[in-house]
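Let's take a walk through this structure together.

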Amino acid sequence: MSKHAATGPSDGDLPTPRPRRKRVVLADSRAPVTVLRTVTELEEQTSWAEEVVRGFIRTQFRTAVALALLVMLLFGSLPLLFFLIPTMSQVSVAGVALPWVLLGIAPFPLLFGIGYWYNVLAERHERDFVDMVEK
Amino acid sequence: MELNAWAMAGILLVGLATFSIGFRSSRLANTTQDFLVARRTVRSRRNAAAISGEYLSAASFLGIAGLVLKDGADALWYPIGFTAGYLLLMLFVAAPLRRSGAYTLPDFCEARLGSAGMRKLAAVFVIFIGILYLVPQLQGAGLTIHQVLPGAPVWVGAAVVSGVVFVNVFGGGMRAITVVQAFQYWLKLFAIAAPTFVMVALFFGDGGVRGAGVTGLTDPMPPRFPADVVITVETPVVLTVTEPVTLTATGGRVDGALGGRVYWGAGQHTVGEGTELRFTAGSPVPVVQGAPPDNLSWLRPVSGAGDLFTTYSLIVALFLGTMGLPHVLVRFYTNPDGRAARRTTLHVLMLLGLFYLFPIMLGALSRLYVPELLVTGKTDAAVLALPMKIAPGLLGEILGAVTAAGAFAAFLSTSSGLVVSVAGVLSTDVFKGKVRDFRFATFIAVAVPFVIAWSLRPTDITLSVGLSFALAASTFCPLLLLGIWWRKITWVGAAAGMLLGGGLVLAALVANIVSGYTGGWAPAFFQQPALVTVPAAFLAVLIMSKATQSQLPLDANRIRMRMHAPDRLGFIRDRDIARFGAAEDRARLANGRHRR
């Protein structure tokens with residue numbers, strides 16, 4: 001759009017002898033045509049596109065749910081464990097009671113680790129999807 | 001505690017630094033996009049620091065240590081939940097929400113569900129959650145100022161925070177606040193880490209627990225006062241005594257009789273307003289009703305079936321509530337794209353995990369050194385009171401000044417974030433969305449919570465914050481999760497879920513406040529109802545959406561694709577530019593995709 005903006009109202013003030021040469025480009029041969037086509041297809045929601053997108057969303061969803069279940073299982077089981085095995089608080093690890101290690105220290109690196117793992121997986125799925133669409 | 005000049009100086013410095021950083025960056029802000037989403041150009045690292053800075057509120061800085069002091073192991077679920085909430089946000093919400101191109105949470109509702117009514121409803125809840133979250137921040141500020149400057153009435157702190165926040169948000173909106181919040185994360189981390197290191201070193205230097213001459217944290221006995229102490233009870237309390245104790249009470253009623261030399265046997269005792277209690281060093285500490293009375297039960301998590309229920313309810317509220325907090329989500333809109341939003345969350349997980357180690361340690365230390373807070377129940381003051389007890393003298397004063405300054409940074413940054421998000425919604429949904437409207441909305445978003453904070457009785461900061469998490473988890477969490485991942489959600493279903501979930505939590509909140517004034521009849525369940533309200537809200541959305549499939553938005557598939565397609569394909573279309581943007585931006589957007 002900036003190309004068009006350069007010409008226009010500015011040459012209206014004096015009678016220019018000759019209009020300047022302009023290069024008219026119908027199609028840029030360097031542009032990745034196939035990419036545009038598949039992307040347009042996605043945009044237009046053809047049945048192929050819909051199927052592909054739905055599959056991709058499902059993959060991402062499965063990954064997220066699997067990791068969320070892992071988190072829920074790990075943390076959800078703790079209160080029940082403490083309730084059923086009250087002697088756990090008498091065990092100590094390096095001078096700190098076991099429940100305090102499990103609740104006060106361990107969760108933070110664990111949560112970061114799971115987050116890191118998800119980031120790697122999600123970005124890999126996105127790359128695969130883009131590769132497939134742009135092939 | 002006498003006037004602490006160091007602490008006052010620390011607080012003033014934080015206020016001044018906040019003000020000047022905000023002022024400098026607000027000169028760059030002039031468009032509506034600047035005020036709403038900082039032009040969506042915030043890099044993921046700075047954004048992560050800003051998110052963490054905004055998120056580490058009074059509840060994190062003061063509240064967690066206080067609750068650890070009082071409730072012990074069960075309180076550790078708060079920092080876990082506060083952090084894990086971000087993991088779930090990252091898994092399900094971060095990237096798709098950013099790609100939706102919305103600029104506020106209500107705007108997302110309209111974009112996804114195609115209903116202007118839904119937008120209004122969401123706006124109402126954003127404002128509600130914002131205010132519910134702001135009030136404890138302001139009350140915490142009042143508490144801090146009161147602790148540092150005992151002569152000052154409680155409203156002074158709230159007024160100072162409101163003033164600084166108002167000026168910053170008024171001047172530069174999101175653009176100014178981003179830098180301020182990122183700065184305040186590092187400030188808070190320093191303000192809690194440095195004193196913790198020094199105090200832990202002093203503690204072990206004294207020979208640990210044995211050297212301090214108090215009950216060890218694993219002994220089945222109540223904690224003991226490390227020194228003679230005078231405690232002023234400002235609001236009436238009921239205390240639990242497990243080991244008989246003698247004390248002197250003056251100036252008020254104890255167990256219904258006038259004070260004097262009193263002997264308390266095991267059982268419950270009531271203390272009236274304005275009573276001064278004197279305990280000698282080494283006598284066992286009576287604790288407020290409901291808190292674990294001896295150190296062994298304090299150390300042990302989940303001591304009964306009722307505890308089990310409350311713990312699970314808390315886990316649900318915190319894990320799912322974070323993704324529904326409007327002031328957190330609004331920061332995700334400032335990322336350039338979905339991938340950056342995800343990376344931002346990953347950084348946040350690291351920054352939060354780093355921070356939360358320290359309040360936990362401080363809470364455990366204060367059980368040894370400041371057990372007198374257990375008598376009044378005002379355990380939120382633990383972080384502020386601890387330094388003077390561990391290191392009396394100049395060192396303690398300086399450490400106290402550092403923690404007080406950090407606490408003040410916490411109030412400032414969280415309140416700023418909340419005010420920006422509430423003002424953003426007010427200005428775009430109630431007013432026309434011009435910069436002038438944003439500034440007027442800022443005034444309302446500061447003034448209303450200030451009046452409420454002034455008039456309501458303060459409770460534990462973390463508990464009231466816990467309730468706003470429950471509200472967020474029962475309203476926006478179902479809407480976001482199902483809106484992003486479930487194709488068949490309709491606006492009717494979303495509205496039904498929001499009204500049911502939100503209504504239930506608000507009913508619990510009102511019941512809580514009423515019971516607080518009329519004798520505390522509400523069961524503990526009312527303080528944390530998420531285990532019931534969140535599934536109810538999810539069910540309502542599912543059932544009502546299934547019943548109203550004719551209301552499916554026509555472009556549901558396209559919007560879903562836009563939310564999930566990788567950024568490189570270039571489907572993001574920012575709705576704020578479409579609505580408020582410069583003419584050139586609008587034209588570019590109307591042309592279709594803009595590839596980066």
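In chain B, four residues of domain 1 are in contact with six residues of domain 2. Sorted by class, the domain 1 side of chain B that touches domain 2 has one nonpolar, two polar and one charged residues. Keep in mind that you're looking at a predicted model.

So where are these domains? The assignment for chain B puts domain 1 at 5-28 + 43-205 + 298-551, and domain 2 at 229-280.

Now pick out strand S3 of chain B, residues 245-254, and strand S4 of chain B, residues 257-264. They run antiparallel, with seven bridges joining them. One pair you can look up is Thr246(B), whose bridge partner in S4(B) is Tyr263(B). S3(B) and S4(B) make a hairpin, and two residues sit between them. Check out Asp255(B) in that turn: its phi is positive, at about 55°.

S3(B) also pairs with strand S6 of chain B, residues 275-279. This pairing is antiparallel too, and it has three bridges. Here you can look for Thr250(B), which has Glu276(B) as its bridge partner in S6(B).

## Chain B as a whole

Zoom out, and chain B shows 24 helices and seven strands. Its C-alpha atoms fill a box of roughly 85 × 50 × 40 Å along the principal axes. How does the radius of gyration of chain B fit with that of a compact globule? For 596 residues, such a globule would come out near 25 Å, and chain B has 25 Å, so the two agree.

What about the inside? Of the 596 residues in chain B, 60% are buried. Then take the contacts in chain B with a separation of 6 or more: 79% of them link residues 24 or more positions apart.

## Where chain B touches chain A

Last stop: the contact between the chains. Chain B brings 40 residues to it, and chain A brings 41. On the chain B side, the elements giving two or more residues are helices H5 (77-92), H12 (305-321), H14 (338-369) and H22 (556-564) of chain B. Which of these gives the most? That's H14(B), with 11 residues.

And what kinds of residues does chain B use here? The side that touches chain A has 26 nonpolar, seven polar and seven charged residues.

Conventions: Residues are numbered from 1 along each chain as its sequence is written. Chains are lettered from A and ligands numbered from 1 in the order in which they are written. This is a predicted model: local features need pLDDT of at least 70, side-chain atom pairs count only at pLDDT 80 or more; totals for chains, interfaces and linings use all residues. Two strands pair if DSSP finds at least two bridges between them. Helices (H or I, at least four residues) and strands (E, at least two) are DSSP runs, numbered from the N terminus. Domain bounds come from an automatic or database domain assignment. Two residues are in contact if their C-beta atoms, placed from the backbone, lie within 7 Å. Ala, Val, Leu, Ile, Met, Phe, Trp, Tyr, Cys and Pro count as nonpolar, Asp, Glu, Lys and Arg as charged, and the others, Gly among them, as polar. The radius of gyration is taken over C-alpha atoms; the globule rule is 2.2 Å times the number of residues to the power 0.38. A residue is buried if 20 or more other C-beta atoms lie within 10 Å of its own, exposed if 12 or fewer, and partly exposed in between; C-beta atoms are placed from the backbone.
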